[in-house]
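Try each task before reading its solution.

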4 protein chains.
Amino acid sequence: MTATSHITGKKINRFTHIHHSTEDLVKKSKMGRLLGSLTGCCFQRCVGMDAMNALSMTTYDIDQKYGTQYNKHFLKFLEYVQENDLVCDGAIVVRGAKCHQTGAVNSHEIITMPTISMREEDKDYAISFAVPADTEGITYILGRQSCDTRKREEGTMDRGNQIYGGHEALVVFDDVFVPWDRVFMYKEWDFAGQLVEQFASYHRQSYACKAGVGDVLIGATQCIAEYNGAQKASHVKDKIIEMNHLNETLFCGSLACAAEGHKEPSGTYYVNTLLANVCKQNVTRFPYEIARLAQDIAGGLMVTLPSEEDFRSPEVGKWVEKYYKGNADVSTEDRMRILRLIENITLGTAAVGYLTESMHGAGSPQAQRIMISRQVNMNAKKKVAKKLSGIDVDE
Amino acid sequence: MTATSHITGKKINRFTHIHHSTEDLVKKSKMGRLLGSLTGCCFQRCVGMDAMNALSMTTYDIDQKYGTQYNKHFLKFLEYVQENDLVCDGAIVVRGAKCHQTGAVNSHEIITMPTISMREEDKDYAISFAVPADTEGITYILGRQSCDTRKREEGTMDRGNQIYGGHEALVVFDDVFVPWDRVFMYKEWDFAGQLVEQFASYHRQSYACKAGVGDVLIGATQCIAEYNGAQKASHVKDKIIEMNHLNETLFCGSLACAAEGHKEPSGTYYVNTLLANVCKQNVTRFPYEIARLAQDIAGGLMVTLPSEEDFRSPEVGKWVEKYYKGNADVSTEDRMRILRLIENITLGTAAVGYLTESMHGAGSPQAQRIMISRQVNMNAKKKVAKKLSGIDVDE
Amino acid sequence: MTATSHITGKKINRFTHIHHSTEDLVKKSKMGRLLGSLTGCCFQRCVGMDAMNALSMTTYDIDQKYGTQYNKHFLKFLEYVQENDLVCDGAIVVRGAKCHQTGAVNSHEIITMPTISMREEDKDYAISFAVPADTEGITYILGRQSCDTRKREEGTMDRGNQIYGGHEALVVFDDVFVPWDRVFMYKEWDFAGQLVEQFASYHRQSYACKAGVGDVLIGATQCIAEYNGAQKASHVKDKIIEMNHLNETLFCGSLACAAEGHKEPSGTYYVNTLLANVCKQNVTRFPYEIARLAQDIAGGLMVTLPSEEDFRSPEVGKWVEKYYKGNADVSTEDRMRILRLIENITLGTAAVGYLTESMHGAGSPQAQRIMISRQVNMNAKKKVAKKLSGIDVDE
Amino acid sequence: MTATSHITGKKINRFTHIHHSTEDLVKKSKMGRLLGSLTGCCFQRCVGMDAMNALSMTTYDIDQKYGTQYNKHFLKFLEYVQENDLVCDGAIVVRGAKCHQTGAVNSHEIITMPTISMREEDKDYAISFAVPADTEGITYILGRQSCDTRKREEGTMDRGNQIYGGHEALVVFDDVFVPWDRVFMYKEWDFAGQLVEQFASYHRQSYACKAGVGDVLIGATQCIAEYNGAQKASHVKDKIIEMNHLNETLFCGSLACAAEGHKEPSGTYYVNTLLANVCKQNVTRFPYEIARLAQDIAGGLMVTLPSEEDFRSPEVGKWVEKYYKGNADVSTEDRMRILRLIENITLGTAAVGYLTESMHGAGSPQAQRIMISRQVNMNAKKKVAKKLSGIDVDE
């Protein structure tokens with residue numbers, strides 16, 4: 001998970017990396033999937049990296065046009081981040097606060113960016129900068145997640161994922177001071193749209209991580225099929241194939257937009273934006289169907305299972321033990337653990353990341369559809385159609 | 001919601017009703033939807049009614065074959081239930097315990113039935129009877145539901161549905177005494193399959209209730225679209241149409257199997273079993289897609305919203321109030337309430353009923369597929385195909 | 001297929017029937033499916049019946065408002081049609097011509113109706129009347145259908161459906177004389193929309209016929225699975241179940257809108273318009289998926305099969321015979337016949353009816369979506385959602 | 001479309017190319033799409049190239065194991081093909097004949113290969129060789145295609161695609177002589193499965209061409225939307241976005257399996273087989289949905305349009321001209337031409353390639369599902385799931 005910085009020449013965490021080849025972009029897709037499969041939830045490292053790659057390009061372009069020093073600011077900041085191996089969060093400022101900011105509380109730095117294309121009259125909002133996450137004046141208000149309080153209960157089985165989890169926050173900026181050398185854009189409103197589009201495109205590639213969470217869910221589903229003694233039923237096998245097929249289709253989009261990347265003037269490699277949007281659009285659909293199939297195979301027990309407290313209780317534990325035994329070779333406890341993990345990913349805390357965030361993170365579905373319609377070359381398609389049907393085409 | 005009993009001649013709750021016409025079956029479909037829409041969750045009345053209608057037919061048929069008195073037992077029990085307007089739960093006994101029993105704790109009576117077709121060597125399990133829910137020897141172990149502990153928190157906003165909810169239980173029978181006149185089947189193993197199939201078919205019709213919960217979710221989605229100020233976007237309107245289309249398609253199956261019902265020898269009207277299975281099969285799919293579309297329109301806020309406690313807090317409540325304001329005509333609180341309801345139905349306690357129970361209640365999807373393959377008249381279809389293609393067909 | 005006219009008291013073809021009960025509407029759904037399964041194509045009788053039922057209601061309503069005599073005109077025409085058992089075609093006039101008119105050439109009478117809701121300035125087009133199909137001044141220009149010329153070849157195997165077929169025509173009216181007592185609407189522009197909506201709603205119910213064509217395609221698919229020796233493969237069985245499930249779901253919509261019909265002031269029974277639109281919307285989708293699954297099971301041979309001429313040829317017939325033999329109990333000829341029938345319904349002349357006409361007949365998909373959005377009671381849904389989430393609702 | 005042979009060092013057609021890098025594999029995906037978009041149908045060059053790449057690897061491996069000379073035979077044949085720039089067809093021999101052989105009649109060489117994994121007792125069929133297509137003893141029996149006879153009519157409009165088309169044939173081998181230096185496998189039954197799997201994997205990548213045909217269909221659909229004056233309707237725009245989204249998703253699979261290719265011992269680069277199967281599985285689905293959406297937007301006119309003969313006729317041509325005029329800026333003829341092209345691709349001769357061959361070419365859907373289930377690393381997925389849920393995993 002480390003790479004050599006081509007700024008500082010030192011070993012750095014890959015998540016503070018500026019992409020220098022399409023091979024490197026492909027590695028980002030694979031790394032995202034791998035970490036998704038190791039954590040089974042949103043591991044929230046991509047957003048800072050995506051923000052920094054976008055800034056590496058846009059700061060360069062602003063400097064070219066206006067003779068500013070933003071790229072220098074940015075490189076200095078990048079060096080600091082790489083030296084100290086910091087986690088960054090990419091927020092897009094909207095008048096003093098940023099809603100639903102994933103992983104805000106476990107980030108070292110908050111990088112702010114504008115949120116949409118802007119016109120000249122909006123220029124006061126065309127601002128980008130980085131500040132340490134604990135800067136005075138910043139308040140974090142945590143969002144509630146489905147089943148969040150299970151993490152505070154005694155026992156750990158009921159939380160499903162025993163090791164990892166995520167959070168979301170409303171981040172409020174109330175008179176926060178930003179030093180000038182931490183500023184990457186200041187009123188260059190004509191670059192706001194470009195920065196947003198670049199950030200969004202990288203970030204849409206990043207959803208390879210959901211293929212990793214999909215790996216976990218598929219693995220859990222295969223386990224429960226075996227624990228239920230149903231793994232040889234043809235419909236069960238077919239549904240698991242479908243889950244894999246959808247999961248790999250999703251991953252193909254992330255790989256393809258990386259392999260088709262190209263070099264920008266700043267030297268940073270940029271993903272194919274059409275295919276990055278296609279990738280993310282599939283992410284807004286397939287995890288829901290994969291989750292539905294997981295629930296199909298898991299069986300109703302996934303939502304009717306008694307609590308760990310009842311399972312451990314001297315009065316009724318024996319009955320839970322006896323009546324929830326499936327495959328004779330597997331303990332009731334292991335069966336319960338896998339069911340809780342499936343509940344966690346399809347209804348519980350991790351469903352927030354695997355489902356709803358897959359829908360809205362890096363832009364809601366309609367945002368990708370608009371980009372797809374803009375990026376396909378419709379004139380080329382019309383021309384071949386006309387030619388083949390015998391309609392005159394001006395060459 | 002009342003009807004006149006054609007046993008006792010008195011006004012009774014429609015849920016203790018034996019169906020006496022196809023019109024009556026159609027009313028059952030509509031009543032199910034209506035109650036689903038009033039409660040927004042599983043209201044758990046259908047299962048006892050479905051069990052009693054199935055028993056009204058099978059007890060009659062057993063008596064015809066074996067000269068037994070089960071129908072008399074059953075009618076006496078029915079009269080008691082109608083006189084006292086009791087809620088019944090239909091359990092299907094599996095060796096001393098019944099897993100995931102919806103609504104067990106709020107039922108007056110437990111009606112047990114066999115679970116599958118049986119062979120002669122299984123006859124000791126071919127048993128059906130009714131006992132009061134608080135009979136000595138019965139233990140209930142409650143299942144956990146996603147977000148169940150929110151009901152015990154201070155404040156009520158975060159629970160989503162302020163009024164109704166459901167539960168599931170493992171019901172353990174440990175030396176329970178059953179009086180003879182409460183017995184409806186005793187070792188007549190050759191009628192076990194029939195009783196199960198009849199109960200399952202009625203119960204698959206009952207899933208009209210999910211169209212009612214769908215009504216609530218569609219209504220909530222329309223509200224949040226308005227509260228977000230997005231209700232005029234063409235893609236939002238189109239998605240809401242799709243939600244309605246799927247919801248009504250699901251309902252059509254329940255209506256059609258009722259309208260196509262017929263009278264059995266016992267006098268009870270029975271649904272068209274092919275169409276009842278088709279209805280339920282759609283229920284295992286459409287609510288998931290309706291829920292996905294609801295999350296699409298609701299926006300990410302549905303899973304990143306702070307708690308009611310933070311909303312009411314003197315320190316940060318003002319920011320929640322300010323930054324989560326959508327449409328100027330709607331209070332932040334109302335917007336939060338609707339988002340919590342959508343969370344409740346798509347991820348929270350009600351998702352157990354709207355999603356996972358739609359998948360597995362009244363039989364998992366594969367059970368319906370097997371029934372569909374058995375009930376279609378494939379020979380008739382092959383015959384018309386052969387005839388039209390010019391292949392000789394023996395008439 | 002006959003009924004007693006409640007106008008003339010005589011036995012008539014059911015397709016000249018005015019609906020007098022919901023039972024009668026349900027019979028129409030079933031009759032449509034039956035005839036679809038007997039013909040394997042569009043049998044084109046519904047449109048005239050749907051036009052006449054719509055006219056029976058709208059002429060009555062116009063007369064009530066304006067004191068006209070259209071209902072009398074209509075009843076006289078109906079009696080004439082019933083007495084002579086004529087086939088009618090329902091055209092909707094568009095400035096002198098009607099495009100893609102199904103079955104025009106085999107109809108006795110052309111009933112014209114307006115095409116859309118009108119404003120006062122359009123009143124010259126708010127006209128409805130009936131004329132014999134061979135009236136002077138009417139010209140029919142036949143449309144081409146995929147594979148239409150196979151009907152003119154020697155041999156019949158390659159046409160797929162050996163018995164039935166359909167056609168489409170551009171119908172041009174060039175100074176056609178219409179006697180006054182054949183007129184059902186004349187400039188009552190405010191009733192144009194109603195007539196169109198009623199005709200369209202009946203006609204959307206009529207698509208039960210596609211479930212009949214679906215029966216043929218499913219039967220043919222089961223045959224070819226057996227002829228290929230693949231009928232026991234679990235994925236083949238599962239795909240055929242899916243075909244049946246979709247076909248029955250489609251049929252449920254037609255049954256449900258009929259069973260939920262009601263009596264209009266004229267005495268005619270009218271379908272539930274919401275559910276009729278839901279029915280048709282499914283018809284624009286499911287036949288395509290059923291056809292795709294049929295092609296999956298049929299195998300590539302469906303599109304690579306040599307001609308009947310080669311099969312009968314002394315030079316190469318022996319090889320076709322030998323190498324296209326599947327199941328040893330079935331002749332190569334029968335296997336070829338079934339494959340040609342599947343080709344006919346999924347790509348050939350019958351695909352025009354089973355696919356493209358399912359898409360656009362009785363209104364293109366978007367027309368139904370608009371009607372669905374208008375007909376659902378969104379306020380009722382919003383109200384239950386608000387109530388359950390704790391938002392004040394004005395009763 | 002040329003490359004430099006790394007065998008002969010000369011410029012050659014890319015379709016006689018042995019892949020020497022992942023970049024080269026990616027170019028193959030792109031070339032396939034480009035040619036699909038230029039021809040609008042199956043251009044049938046991939047199969048020979050796929051066969052040759054598979055042979056380059058398997059002949060090498062056989063020689064390594066058995067000390068044979070097949071790779072030398074193969075390289076000599078390759079040089080001959082490259083020198084003369086020949087088109088090859090890849091047939092897989094089945095006892096004397098090969099059914100549905102795409103493009104057989106326009107190939108210079110037929111390369112035969114075994115069809116399935118074999119056991120020792122099948123070794124007489126474990127044979128691979130190349131013969132000129134006009135070798136004595138080979139007979140071609142052409143298959144019928146939907147609308148094939150339109151190519152023989154006067155006028156060209158009705159055939160849709162004015163320039164290109166394809167064909168299928170039954171190829172019968174009747175005592176064909178094969179010189180020994182044209183043999184690439186002879187009874188090495190243990191390599192039959194490998195050769196088939198390699199050929200199939202390359203060939204599943206090749207379906208990028210369908211994204212090219214999809215480009216044509218999308219272009220035609222955009223044209224007809226404009227010609228109908230409907231291109232600004234939001235539902236039309238949204239459906240075209242969906243067509244593009246599906247088309248690009250399909251393409252991503254072909255790109256991804258190429259970018260993830262690797263070098264085999266023979267030096268040839270081989271695609272990622274899991275992703276190649278995922279690619280092809282999507283090809284068995286998406287073109288059908290893209291075709292359905294094209295028909296939705298085209299309107300019913302696509303199947304009811306009169307013939308070119310009627311359009312040119314002095315009697316009725318004026319009415320066709322007048323009544324089929326759409327957008328005032330576009331001639332009726334151009335509108336007809338585009339509709340015929342859409343008919344051609346969704347129902348006519350090109351539908352054979354765009355739909356049915358997408359289903360069955362390079363293996364039917366179930367073949368890919370079996371490969372997907374074999375190639376995913378299910379143990380790795382189970383392991384991460386167990387770990388996260390707290391179940392002991394042996395490292």
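**Exercise 1.** Find how much area is buried between chain D and chain A, and what share carbon and sulfur atoms give.

*Solution.* In this predicted model, the area buried between the two chains is about 4,900 Å². Carbon and sulfur atoms give 67% of that area. Next, look at the residues: 60 residues of chain D are in contact with 60 residues of chain A.

**Exercise 2.** Work out how many salt bridges cross the interface of chain D and chain A, and which elements of chain D take part in the interface.

*Solution.* Start with the charges: the rule finds 12 salt bridges across this interface. One of them joins the side chains of A:Lys30 and D:Glu260, at 2.6 Å from N to O. Among the elements giving two or more residues to the side of chain D that touches chain A are helix H1 (22–39), helix H6 (234–259) and helix H15 (378–389) of chain D. H6(D) gives the most, with 13 residues. By class, this side has 27 nonpolar, 17 polar and 16 charged residues.

**Exercise 3.** Determine what rotation superposes chain D on chain A.

*Solution.* A rotation of 180° with 0.0 Å of shift along its axis does so, with an RMSD of 0.0 Å. That is the relation of a two-fold axis. Within chain D, the residue that comes closest to the axis is D:Ala256, whose C-alpha lies at 2.5 Å. Finally, 100% of the interface residues of chain D are also interface residues in chain A, so the copies meet through the same surface.

**Exercise 4.** Is D:Leu75 buried, partly exposed or exposed?

*Solution.* First locate D:Leu75, in helix H3 (residues 70–84) of chain D. Buried means under 20% relative accessible area and exposed means over 50%. D:Leu75 has 32% relative accessibility, so D:Leu75 counts as partly exposed.

Definitions and conventions:
Residues are numbered from 1 along each chain as its sequence is written. Chains are lettered from A and ligands numbered from 1 in the order in which they are written. This is a predicted model: local features need pLDDT of at least 70, side-chain atom pairs count only at pLDDT 80 or more; totals for chains, interfaces and linings use all residues. Side-chain values use heavy atoms; hydrogens and water are left out. Copies are superposed by least squares on the C-alpha atoms of residues with pLDDT of at least 70 in both. Contact means heavy atoms within 4.5 Å. Helices (H or I, at least four residues) and strands (E, at least two) are DSSP runs, numbered from the N terminus. Buried means under 20% relative accessible area, exposed over 50%, partly exposed in between (1.4 Å probe, protein chains only). Buried area is the accessible area (1.4 Å probe) that two parts lose on being put together, summed over both. A salt bridge is a side-chain nitrogen of Lys or Arg within 4 Å of a carboxyl oxygen of Asp or Glu. Ala, Val, Leu, Ile, Met, Phe, Trp, Tyr, Cys and Pro count as nonpolar, Asp, Glu, Lys and Arg as charged, and the others, Gly among them, as polar.
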